[in-house]
Amino acid sequence: MTARPIGTPAVADTRPRADIEHEVWKAGVAAGLGDSRDLPLDAHLHTVRSPDANAMLEAYCVLAVERGIRELAITDHVDFDPTMPAYGFASFADRERDVREAAARWATRGLAIRFGVEVTYERRYEDEIRGWLHRHPHDYVIGSVHISEASPYKASRVAAFVSGRPLDEIVAPYFDEVIGAARSGLFDTLGHLDFVKRYLVPHVLPVQLAAAPELYEPVLAALVETGTALEVNASGLRQLPRETYPAAPIVERYRALGGRQVTIGSDAHRTEWFPYGLGEAYRLVAAAGYGTLAFRRGAERVQVPVQVRNPT
Ligand SMILES: [Zn+2]
Ligand SMILES: [Zn+2]
C-alpha cells in the first residue's frame, strides 16, 4: 500500500498539538479519508463516557447506518491509575446500560453494537485489572498503554528525556509496558501498538522508527505467542504521525512472524472523527494479506470477513 501524504509535516511547528492535529484531520478529510463506507466493523470508539471524548453514542449509530458500517464496539476508557482522567470517570453500570439500550434500539436497523472497554494497562496495576475484568465482563476488551502523569513522554519532559539517548532506550519505557500488556493475557486486542510515536514528534519522527523495525520485534513476538490481536488504529492518520498505529510494514512483519489476529478501529472521540481513516486501515490490512478481523462478541473470538470497497 502506498501511504497517502496527509498535509505537510512541519517539524519545527511549535503550536499546541491539538491545533496541528486539527489541520492534519482537515487535510485528511480533503484527501478523502473521511469517506469510509460499507465496512463490517469499527472496533474502537469513545463516547461521552470517556473523559477525553464528546461524542454521543447515538450520533455514531446514525452515521454508521448512513455509511454502511455494520458493527461497532463502544470501548470507553477505564483507568486504574488515580492520576489518570478516566479513573472512576464512568461506572460500569452506566456504560453498559448506554450500550445495551442503544444495541436494542438499533438491532432492527442492521447495526450491531457491542459493549467493549479500553483499559489502560500498567504493569503495576495488572492484578487489579485482572480482578476487575473478571468481575465486569465485556463483549470485547482492548488493552492499551497511554501516557500517564509520570511518563517521560509528557510534553513537559519529553525533549529532555530524548536528548542524547539512542532510539532503543527512548522507546523502551513504552514498549516494555506494551509487552507486559500482551504477556498478561488479559486482552483480546492490544490497542494502538506504537502510540508513543505521537508524543515523540518532532524529537523523533515516525520515519526514524520505521527505519528501526527491530525495535518492534519483541512486541510483535509477545502478541503472536499470546494470541493477542494487533489493532490497526486509524487515529494516527489524524494525529502528528500521519500514519496508522502501527504502520503497514509492522503489520506485514507481524504476519511474517505468524500473527493471524488483526482488528481495526477508528478510535474516534468526536462524532466527526468517525469513521475517518477506517477505509484506509481496511486497505492496509487487506494488502498485508488478511481476509478476516479478530473480534469478540462476549463469548469466543470470532473472525469477521474483511470487505474492502475498491478505492475510486
Ligand atoms: Zn487509547
Ligand atoms: Zn481509544
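Are F195 and Y245 buried or exposed? F195 is buried, and Y245 is buried too. Buried here means a relative accessible area under 20%, exposed means over 50%, and partly exposed is in between, judged with a 1.4 Å probe on protein chains only.

This is a predicted model, in which local features need pLDDT of at least 70, side-chain atom pairs count only at pLDDT 80 or more, and totals for chains, interfaces and linings use all residues. Residues are numbered from 1 along each chain as its sequence is written, chains are lettered from A and ligands numbered from 1 in the order in which they are written, and side-chain values use heavy atoms, with hydrogens and water left out.

Start with the aromatic rings. Rings of Phe, Tyr and Trp (its six-membered ring) pair if their centres lie within 6.5 Å; planes under 30 degrees apart count as stacked, over 60 as edge-to-face, and the rest as tilted. The count comes to 12 aromatic pairs. Take Y153 and Y174. Their ring centres are 6.5 Å apart and their planes stand at 75 degrees, so this pair is edge-to-face. The pair links distant parts of the chain, 21 residues apart. Y153 is in the loop between β5 (140-144) and α5 (158-162), while Y174 is in helix α6 (residues 167-184). Helices (H or I, at least four residues) and strands (E, at least two) are DSSP runs, numbered from the N terminus. Y153 is buried, at a relative accessible area of 2%. Y174 is buried as well, also at 2%.

Now return to F195 and Y245. Their ring centres are 5.4 Å apart and their planes are at 85 degrees, so they too are edge-to-face. This pair also links distant parts of the chain, 50 residues apart. F195 is in the loop between β6 (189-190) and α7 (196-200), and Y245 is in the loop between β7 (229-233) and α10 (248-256). S235 is buried, at 1% relative accessibility. Beyond its neighbours within four places in sequence, S235 is in contact (heavy atoms within 4.5 Å) with Y245, S266 and D267.

Some rings gather in a group. Y153, F161, Y174, F175 and Y216 form one aromatic cluster. Another ring has charges over it. A charge sits over a ring if NZ of Lys or CZ of Arg is within 6 Å of the ring centre and within 35 degrees of the ring normal. The charged end of R238 sits over the ring of W273, 3.9 Å from its centre. R270 lies over the face of W273 as well, at 5.4 Å from the ring centre.

Next come the metals. E118 bridges the zinc ion (ligand 1) and the zinc ion (ligand 2), which lie 3.4 Å apart. E118 is in strand β4, and H192 is in the loop between β6 and α7, 74 residues apart. E118 is buried, at 0% relative accessibility. H192 is buried, at 1%.

H77 is found in strand β3 (residues 77-78). H77 is buried, with a relative accessible area of 9%.

Finally, look at helix α4 (residues 126-135). Its buried residues are E126, I129, W132 and L133. Seen down the axis of α4, they fall within an arc of 130 degrees, so they line one face of the helix. The arc is that of the directions from the helix axis to the C-beta atoms. The face of α4 turned away from its buried side carries the exposed residues D127, H134 and R135.

Definitions and conventions. Donors are N, O and S atoms within 2.8 Å of the metal (3.2 Å for Na, K and Ca); water is not among the atoms, so sites may look incomplete.
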